[in-house]
Each structure stands twice: as structure tokens, then as C-alpha cells.
Amino acid sequence: CQKAGRDGWLQAFVKIADIGTLADVVPLVGENRVIAKLGLEQLTRGPHKVGLRALLDVSGLAGKTIDAYHIAFMVAPRVNAAGRMASADLATRLLLASDEALAEEAQALAQQLDAENTKRRSEEQEIVAAAKKAEENDPDVGAHTVLVVAGEGWHRGVIGIVASKLVDAYYRPAIVLSIEHGVAHGSCRSIPGFDVLGGLEACAGLLDRFGGHKQAAGLQLDAAKIPAFRRAINDYAADALSPDDLRPNLSFDGPLDFDVLTPRVVSDLMAMAPFGLANPKPVFSASGIDVVDGPRRLKERHLKMSLRQKGRTFRAIAWNAVEKEPVLAGGAGALEVAYALEQNEFNGNTYTELRLSDVRRA
């Protein structure tokens, strides 16, 4: 930009580079951290060209302090939905819109991206439900270490997300296959202890093509070979995995009681943001916790509540944790929680909220 005499473009470019950096889940260290931090500051401060402004508006972020979470879970899914569900051209046209005369067109494109993202979530939820039903009811699927599920006409744009959700739900490697015209296209996601690409290499004789890395990969094979592939990949896993590899672990950085969560402590911790891969948000533990309000369900998947310890009360939320509702609903003062700190805004005020990673009876 400097060589071309276009220094003024830098602030605009760093915002787009920030969205790409956070959406692609790269390690947030070194220059990636600089891009992410400066980009988030610019996205919060503005002003923005008409296309980016429309994207932030439809994501519900207009006028808010934008952090890595907002990009990863609100902006990026809408941009990615274009390529997953329709054409990436939708997102390209929106991000390139700079003339104020295109405001109406930009709003229409942003609304279309939002609709595609809603469609993506619906497709994803349907396939997750079908995959979980197969895991629970089909011994050929559920009895194995590596989950291999397949469905006719499953949308190929979302099977990678579905595989990730199955790994989260069962803590086992997951391979999701979409069958079209007798050909199965698959997406694989794994756990830290299992090299899924090594597993595919061991099954190469059954596959038409495959590629990826240890934690995520893609493949294609004849649909008639799916049962043989399921057996082969699980034979490989039987030798590669131990029972301890299939036991999820939650690590936390140390104990932190509510009475020391002062504004200064919270501010100092937030100075380490943006958080993400290679710079995870600190997770703390606390015990002797009372639930003083809730838990209440949000969208039938999440739980919201207020927690009290040592005379301090904080709002808390547990994402995708509806199965923890019985634990949270009983036992005054008998809970131990693992949590991270969030700073949220409401009606112009900033408040501290706890994001629960896990909860159990003390």
C-alpha cells in the first residue's frame, strides 16, 4: 500500500484480514495476533464501507465493542454460508461494496447471507439429529470407536460442521458421509489422540481419494464400500487408541473465587485478548457455588443462570449444556464450576459474565 501511495487503504484491509484470520482459526500469536487485535479495534471504531457495515448490521453488531467471539460465531458463519449453501460470490460482492449508492444492494446481499446462514443451521441440525439417532440405534455405527455415519443427499456444505459437533458430543473421531449417485463424499474430524489422516492412509485401498491433516480430512469412496471402510478405519483405531485417549479432559489455569473478581482483575485478564487458538481464554475453577436464579433454557440448548459465592453474584451462561440442567438445579452450595470471564454490553453498560466450561457436584 505504501509503495502504491495507498496508505489510506491499510485500515480497511486490516479489518478484512482480521475477519479471515479469526474465521480460519489460525494460531493467535505473532503477526496473526497483531492483525486480529488491530482489526478488532478498527471494526469496533469504524467507520466502514457500505458492504461491511451491512454485514455487521445483519450480525447484530452495529455500535458494539467487537471481539474475537463475535467474528468467529456471528460474522464468519454468515460469510461462510455463501460458499457452503449457495455461491461465494454473494459474500465477495458484499465485501467489495464501497459506494454509498450501493447501500440498498448491500443490505439485500447481507439479508441473503443471513438467510443462507439460517438455512445452513437448519440443514446442520437435521443431519446432527439423524447422525445421533444412528449412533444410538444402529450397532454398526454406535458400537465402534470411530463414528462413521452416512446419509443420502446430506448437504456437503455442512458435513464438516456436523462431524465437529459429533466429536464434541461423543469425544470420538467422527466421519460424516454424504451419498449422491452411489458416491460418498466425507468429512472427518478427530480428537487429539487420533491421527485421522493416518487412518485414511491405512484404508487407502477402499478410497477413491482423500487428503487433510491429523485432526481434519476429507475423502471420497464408492457408497457400497462404506461398511468395509467402517470396519477398516476402526481396526486401525483399535491399535492406535487407548481408553485414556477417549476420556475427555478439561484443564483450567487455577482457582479463582468470586470475591477477587474486581474490575481491575477482569480488565487485566481481558488485556490478553484476542483469544483463540494458541492463546486460549483462561479457565478458572471455583467451588461452594449457589445457583440463585435459574437455570433457564435458551433456545432449548443453552442454560442461563446467576451464581453466588462468598457474597458475590454473577450472571453465567453454559452453551450447549442442557444436559447439565439437573446438576445445576439441585444442591445449594454444593457445586464446583470451571469458567471463563466475558465482558458484555447492555443498554450502554458493560458487565462481567461467566461462561461455564463445566459444572459438577463438589
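Ala362 sits in the segment that follows strand S11 (349–361); helices (H or I, at least four residues) and strands (E, at least two) are DSSP runs, numbered from the N terminus. The model is predicted, so local features need pLDDT of at least 70, side-chain atom pairs count only at pLDDT 80 or more, and totals for chains, interfaces and linings use all residues. Residues are numbered from 1 along each chain as its sequence is written, and side-chain values use heavy atoms, with hydrogens and water left out.

With 69% relative accessibility, Ala362 counts as exposed (over 50%; buried is under 20% and partly exposed in between, with a 1.4 Å probe and protein chains only). Its C-alpha atom lies 5.0 Å from that of Leu335, 27 residues away along the chain. Neighbours within four places aside, Ala362 is in contact (heavy atoms within 4.5 Å) with Ala334, Leu335 and Glu336.

His185, in strand S3 (residues 183–189), is buried, at a relative accessible area of 14%. Not counting residues up to four places away in sequence, His185 touches Arg156, Ile159, Val176, Leu177, Ser178, Leu219 and Gln220. With Arg156 there is also a side-chain to side-chain polar contact at 3.4 Å (a pair of N or O atoms within 3.5 Å; within protein, one must be able to donate a hydrogen and the other to accept it, and residues adjacent in sequence count only if both atoms are side-chain atoms).

Then there are the helices. Residues Leu90, Ala91, Arg93 and Leu94 of H5 meet Glu105, Ala106, Leu109, Ala110, Gln112, Leu113 and Glu116 of H6.
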